[in-house]
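Hello,

Here is the structure I promised to pass on, with some notes on what turned up in it. Please have a look at it first and then read on.

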Amino acid sequence: MADGSPICRDRAGAYAEGAALGAPDALQVADRFHLCQNLGQAVEKCVAAHRDQLRALTLQPEEEDATISTGSTGETASVPAGASPAGRRAERMRAHHALVHGLLNEGMGLRAIARHLGWGRHTVQRFARAARWQDAVTGRRTRPSRLDVHRPYLQRRIDETASAISIKELREELAAQGRPVPYSSLRDWARRRLQWPDNPARPPAPPSVRQVTGWLTRRPSTLTEDKHQQLKAVLNACPELATTHRLVRDFGDMLTQQTGLLLPTWIEDATEANLPGLTGFARGLISDFDAVTAGLTLRWSSGGTEGAVNRIKKIKRQLYGRAEFELLRKMTLLQ
């Protein structure tokens, strides 16, 4: 290899050692993909360290939604026939439903519509199967339960007693009719499927570590206005995360504008901030300083190669345990 020829490599020490032994005169360039990946991992550690501040924070929902959360099961309740969902999401769903049905009326198939709009086939299928746009708002349908047959009677008893009747009493009434059910099953089902007028509305859940990490590390232009407002609330509530946000933006500017000469200043700033995860990331850059500076300055990058590797890994995971090497090879070459 000619003197000064670039070698794009991972951040791991084994790669640096191998490059130095195999091509001692080559220019080592830390790959930008792995720099972003390492930064994201550092930010996630920093956000996790401030989880208590996040738990104390209540954000408004991103937008009015017609779905009703049912807890950890991931189910959603159906929108009643007479209901009229509102909000920006409802307006988008109305427009998407009209668009899909308009293309269907023109004779286009589901796959053709998906390719034309750049959507997933299942998304197009959901709109196509919905007779009304409201039917597509709910997303996943509620899974049926063997207790659903008791819904009319139990809901009537709740309404008659103005929600004064307890789940234990409802269970006893069913048992007296020769329809015994386990208490725990009835309790969980009734909380999700029946209407309790006196129940207070659940406050919005605090943002998760993964959500906040995403808001901090994504390009600002990819965030909706609602997410911008939620991120602003997080930064106002936690000054440490506000500092993290500033450092991430500065590092992103170096990466996109190829201004690696500013790296020493950034490392000093991040070290003085003394933030969990992020400060350790900054100190780790010192041991690989020349390669990182080159990665933030030169045009060389193995991003295309990393993308191809990730695509092959995805195909492999999809076929795990269900295909031999020949099928995996064909799908890799054809996709």
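E1 is joined to strand E2 (residues 27-30) by four bridges, and the two run parallel; strands count as paired here if DSSP finds at least two bridges between them. Leu27 in E2 is the bridge partner of Pro6. Between E1 and E2 the chain passes through helix H1 (residues 13-22), giving a right-handed β-α-β crossover. Right-handed means that, with the strands pointing away from the viewer, the path from the first strand over the helix to the second runs clockwise.

Some background before the rest. This is a predicted model, in which local features need pLDDT of at least 70 and side-chain atom pairs count only at pLDDT 80 or more, while totals for chains, interfaces and linings use all residues. Residues are numbered from 1 along each chain as its sequence is written, and side-chain values use heavy atoms, with hydrogens and water left out.

The protein has 17 helices and two strands; these are DSSP runs numbered from the N terminus (helices H or I, at least four residues; strands E, at least two). Of its 335 residues, 34% are buried, where buried means under 20% relative accessible area, exposed over 50%, and partly exposed in between (1.4 Å probe, protein chains only). Among contacts (heavy atoms within 4.5 Å) between residues at least 6 apart in sequence, 63% join residues at least 24 apart.

Now to the helix packing. The axes of helix H2 (residues 32-49) and helix H10 (residues 209-217) come within 9 Å and cross at roughly 130 degrees. That angle makes H2 oblique to H10. The axes are lines fitted to C-alpha atoms, for helices over the stretch in contact, and angles run from 0 to 180 degrees between N-to-C directions. Under 35 degrees counts as roughly parallel, over 145 as roughly antiparallel, 65 to 115 as roughly perpendicular, and the rest as oblique. H2 passes H10 in a right-handed crossing, one where the near helix is turned clockwise from the far one by less than a right angle. On the H2 side the contact involves Gly40, Val43, Glu44, Val47 and Ala48, and on the H10 side Val209, Arg210, Val212, Thr213, Leu216 and Thr217.

In H10, the buried residues are Val209, Val212, Thr213, Gly214, Trp215 and Leu216. Their cover includes H2, helix H3 (51-55), helix H11 (225-237) and H12.

Helix H7 (residues 151-160) and helix H8 (residues 167-176) have axes that come within 11 Å and cross at roughly 130 degrees. H7 and H8 are therefore oblique to each other, and their crossing is right-handed. Tyr153, Leu154, Arg157 and Ile158 of H7 meet Leu170, Glu173 and Leu174 of H8.

Two loop residues may interest you. Gln258, in the loop between helix H12 (239-257) and helix H13 (263-273), is not a glycine, yet its phi is positive, near 55 degrees. Gln258 is partly exposed, at 36% relative accessibility. Asn274, in the loop between H13 and helix H14 (278-286), also has a positive phi, of about 55 degrees, without being a glycine. With a relative accessible area of 59%, Asn274 is exposed.

Beyond its neighbours within four places in sequence, Thr293 is in contact with Gly260 and Leu263.

Best wishes
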